[in-house]
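Q: I would like to learn how to read this model. Can you take me through it, feature by feature?

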Amino acid sequence: MRLLLFRQRNFRNLALEAYRPPPGLSALVGANAQGKTSLLEAVCMLLRLQSPRAAGLAEMIRFSGRELGVAGHWQGRKLRAATDGKRWKLAADGTDFGRRADYLAESG
């Protein structure tokens, strides 16, 4: 399965709002500091609720933002995760989850 559509808000330096990978194998190509790694990190946040690069959530929120949000379609599920750096708002297929563990179990 592959990511069908991905959206983000206030994640690191990304100006990108939506990304739909083309069918088949995809590659992200661009100059340094253009957001390639940040896009992959945002997808990781959607699927794992953590970053492989950052120690804390607050450092991932874009400088001008108060919270970050990521959403996408993964393995037939519609996922949404948002945080202000302290609390999470999580949903899978329109069902809200109060606990991270419940969201991760459903989204996996």
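Q: Is Gln75 buried, partly exposed or exposed?

A: Gln75 is partly exposed, because its relative accessible area is 37%. Buried means under 20% relative accessible area, exposed means over 50%, and partly exposed lies in between (1.4 Å probe, protein chains only). Gln75 sits in the loop between strand 3 and strand 4. Helices (H or I, at least four residues) and strands (E, at least two) are DSSP runs, numbered from the N terminus.

Q: What should I know about the model itself?

A: This is a predicted model: local features need pLDDT of at least 70, side-chain atom pairs count only at pLDDT 80 or more, and totals for chains, interfaces and linings use all residues. Residues are numbered from 1 along each chain as its sequence is written, and side-chain values use heavy atoms, with hydrogens and water left out.

Q: What is the phi of Gln75?

A: Most residues other than glycine have a negative phi. Gln75 has a positive value, near 50°. Asp93 is another residue other than glycine with a positive phi, near 55°. Asp93 lies in the loop between strand 5 (88-92) and strand 6 (95-97). Asp93 counts as partly exposed, because its relative accessibility is 39%.

Q: How do strand 3 and strand 4 run, and how many bridges join them?

A: Two strands pair if DSSP finds at least two bridges between them. Strand 3 and strand 4 (residues 77-83) run antiparallel, joined by seven bridges. Val70 stands opposite Ala81 of strand 4. Trp74 has Arg77 as its bridge partner in strand 4. The hairpin of these strands has two residues between them, and Gln75 takes its positive phi there.

Q: How many residues of strand 3 are buried?

A: In a regular strand the side chains alternate between the two faces of the sheet. Strand 3 (residues 68-74) has five of its seven residues buried, so the strand is mostly covered.

Q: In what sense do strand 4 and strand 5 pair?

A: They pair in the antiparallel sense, over five bridges. Thr83 has Trp88 in strand 5 as its bridge partner. The hairpin of strand 4 and strand 5 has four residues between the strands, and Gly85 in the turn has a positive phi of about 95°.

Q: At what angle do helix 1 and helix 2 pack?

A: Two packed helices are described by the angle between their axes and the distance between the axes. Helix 1 (residues 36-48) and helix 2 (residues 100-107) pack at about 105°, with axes 8 Å apart. That makes helix 1 roughly perpendicular to helix 2. Angles under 35 degrees count as roughly parallel, over 145 as roughly antiparallel, 65 to 115 as roughly perpendicular and the rest as oblique. Axes are lines fitted to C-alpha atoms, for helices over the stretch in contact, and angles run from 0 to 180 degrees between N-to-C directions.

Q: Which residues of helix 1 and helix 2 meet?

A: Contact means heavy atoms within 4.5 Å. Leu46, Leu47 and Arg48 in helix 1 meet Arg100, Tyr103, Leu104 and Ser107 in helix 2.

Q: Is Ser51 buried or exposed?

A: Ser51 counts as buried, because its relative accessibility is 12%. Ser51 belongs to the loop between helix 1 and strand 3. Leaving aside neighbours within four places in sequence, Ser51 is in contact with Arg12, Glu41, Met45 and Met60.
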